[in-house]
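Keep the sequence and the 3D view side by side. The text walks from the whole chain down to single residues.

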Amino acid sequence: MGQDASPVFSARGLCKTYGSGEAIVYALRDLDLDIWNGEFVVLLGPSGSGKSTLLNILGGLDAPTSGHASWRDHELTGASEAELTRYRREHVGFVFQFYNLIPSLTVEENVELVASIAENPMKPVEALALVGLSHRLRHFPSQLSGGEQQRVAVARAIVKRPDALLCDEPTGALDVETGKLVLAALARANAELGATTIVITHNSAIAGMANRVLRLGHGRIVADERNTTLMRPEELSW
Ligand SMILES: Nc1ncnc2c1ncn2[C@@H]1O[C@H](COP(=O)(O)OP(=O)(O)OP(=O)(O)O)[C@@H](O)[C@H]1O
């Protein structure tokens, strides 16, 4: 893991509220955070604690109500829609709980779609090899298991060689063994591409494979811990 002098993601006084007056909901409350290059961060916390809101702001999908968030020397807060679109396209790979593959395209074509608009992509077959799916290139999503479809989604996220890989409940819909294969694909992308990786999960067992574990509670970071020994995804149990 690299430790540059400055963080890749930085947040200061981040607040996100919905509604107003007595009905106001605080999704994030005055949150400060630094994430360093190449880290594999697991973000834990109860439902409603602000995990997705934080990830979406760091990924340029959402804007805070107040405070600042930046990626390297790019201020994300206050950036125009066009700037955020470019930031997402050039620098960020997303993986969500549901895979959102295009059913009428093959596995390879789904990944090619993103490669075709990226600046310096790897070949789709390389990305699919990284997630262990070299043998399913010509299949359609409906011919794959949920875990295989999620690994296609990981390949689609990494084919552009993103600087950051942001994952919201990537194993939420999967059984244990399949979930571990997806986690192994994420760990490999983090190690081999150096993509700074943030994974939201409700499953605290996954924290064992992270360099760093952040816990959110009521819109704040309530614990920030580093693991000295890392478990491999296949060693995790839940
Ligand atoms: N569009 C919205 N309108 C109103 N309230 C919202 C909206 N989006 C999020 N919230 C509220 O903000 C808070 C934080 O939501 P967020 O989705 O970030 O939590 P989370 O920790 O990711 O939850 P979960 O684990 O259930 O996905 C919650 O109380 C949620 O109800």
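This is a predicted model: local features need pLDDT of at least 70, side-chain atom pairs count only at pLDDT 80 or more; totals for chains, interfaces and linings use all residues.

Residues are numbered from 1 along each chain as its sequence is written.

Start with the whole chain. The chain has six helices and ten strands. Its radius of gyration is 17 Å, close to the 18 Å that the globule rule gives for 238 residues, so the chain is as compact as a globular protein of that length. That radius is taken over C-alpha atoms, and the globule rule is 2.2 Å times the number of residues to the power 0.38. Helices (H or I, at least four residues) and strands (E, at least two) are DSSP runs, numbered from the N terminus. Along the principal axes, the C-alpha atoms fill a box of roughly 55 × 40 × 40 Å.

How much of the chain is buried? Of the 238 residues, 40% count as buried. Buried means that 20 or more other C-beta atoms lie within 10 Å of the residue's own; exposed means 12 or fewer, and partly exposed is in between, with C-beta atoms placed from the backbone.

The UniProt record, an unreviewed entry, carries the annotation "domain: ABC transporter" for residues 9-238. UniProt annotations may be inferred rather than shown by experiment. That span is 29% helix and 27% strand, and its end C-alpha atoms lie 30 Å apart.

Now find the open sheet. Four strands form it in the order β2-β1-β4-β5, with antiparallel pairing. β2 and β5 (74-75) stand at the edges with a single partner strand each, so one side of each is left without a neighbour in the sheet. Two strands pair if DSSP finds at least two bridges between them. β1 (residues 9-18) pairs with β4 (residues 66-71) over five bridges. Ser10 has Ser70 as its bridge partner in β4. On to β2: seven bridges join β1 to β2. Here Ala11 is partnered by Leu33. The two strands form a hairpin with six residues between them, and Gly19 in the turn has a positive phi of about 75 degrees.

The residues around the ligand include Tyr18, Val25, Ala27, Gly45, Lys51, Ser52 and Thr53. The shell divides into three nonpolar, seven polar and one charged. In this scheme Ala, Val, Leu, Ile, Met, Phe, Trp, Tyr, Cys and Pro are nonpolar, Asp, Glu, Lys and Arg are charged, and the others, Gly among them, are polar.

Next, look at β6 (residues 92-95). Both its faces are covered: Val92 and Phe94 on one side and Gly93 and Val95 on the other are all buried. β6 pairs with β7 (residues 164-168) in the parallel sense over four bridges. Val95 stands opposite Cys167 in β7.

Finish with two loop residues. Most residues other than glycine have a negative phi. Asn100 has a positive phi of about 50 degrees although it is not a glycine. Asn100 sits in the loop between β6 and α3 (107-115). His218 also has a positive phi of about 50 degrees. Its place is the loop between β9 (212-217) and β10 (220-226).

Technical notes. A residue is near a molecule or strand if its C-beta atom, placed from the backbone, lies within 6 Å of it.
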